[in-house]
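These are my notebook entries on one structure.

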Amino acid sequence: MNDTGSPLPPDELGHRLVEVFDLVGPLYRRALRKVEQGEAIEGASVGVRSVLDLLRRQGDMTVPQLSRIQALSRQFVQRMVNDAAARGWVQIVPNPAHQRSSLIRLTEEGRALITAVLDREHTLNRQVGGDLTDAEVRACVRVLREMLRTFDHVDVEDQTRSAR
């Protein structure tokens, strides 16, 4: 084990990152289940919640932009946008930069909904123990960001087509 603060050799790093993947999968699935339990309260599915939160953080976006950032197929994101639009949480507006790809805009109702969802999630996240420090959380985010960057080349649309 390398506790010197120096970068791990690639072989050791590869083995250690398997530990991270082994934790991230179950964590992600459990967190999704918890968010899905909130669907009964707010009425927003996990997919719609993701779209609303991204629009809250980034502003108006197209479906292709939303799908690229979330690493989800355009078809899936379009269904989530359609669901959110039907409930009045987003509106589809003309895109001055691209006639065929409309902008998706968060409505006031959508903003209120995602704020309520995030408030509920924040209450849950406050229960995380372990006396974590800001430095530890920053290090975790850095590691996960680097791991995600490793898979930037994965084409989500291709995977969706081959799964059919």
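**Surface entry**

I located V137 in helix 6, residues 134–150; helices (H or I, at least four residues) and strands (E, at least two) are DSSP runs numbered from the N terminus. The model is predicted, so I note that local features need pLDDT of at least 70 and side-chain atom pairs pLDDT 80 or more, while totals for chains, interfaces and linings use all residues. Residues are numbered from 1 along each chain as its sequence is written, and side-chain values use heavy atoms, without hydrogens or water.

I found V137 partly exposed because its relative accessible area is 40%, where buried means under 20%, exposed over 50% and partly exposed in between (1.4 Å probe, protein chains only). Together with V128, L132 and V141, V137 makes a nonpolar surface patch of about 330 Å². Patch residues have over 30% relative accessible area and no salt bridge, with nonpolar side chains joined within 5 Å and like charges within 9 Å. A salt bridge is a Lys or Arg side-chain nitrogen within 4 Å of an Asp or Glu carboxyl oxygen.

**Core entry**

I then looked up the largest nonpolar core, which has 20 residues; such a core joins buried Ala, Val, Leu, Ile, Met, Phe, Trp, Tyr and Cys through side-chain atoms within 4.5 Å. Helix 2 gives the largest share, 5 residues. L55 is among the residues with the most contacts inside this core. Beyond four places in sequence, L55 touches D60, M61, L66, V90, I104 and L106, contact meaning heavy atoms within 4.5 Å. Just after helix 2, I noted that G59 takes a positive phi of about 90°.

Technical notes:
Areas by Shrake-Rupley, 256 points an atom, 1.4 Å probe, with all protein chains shown as cover.
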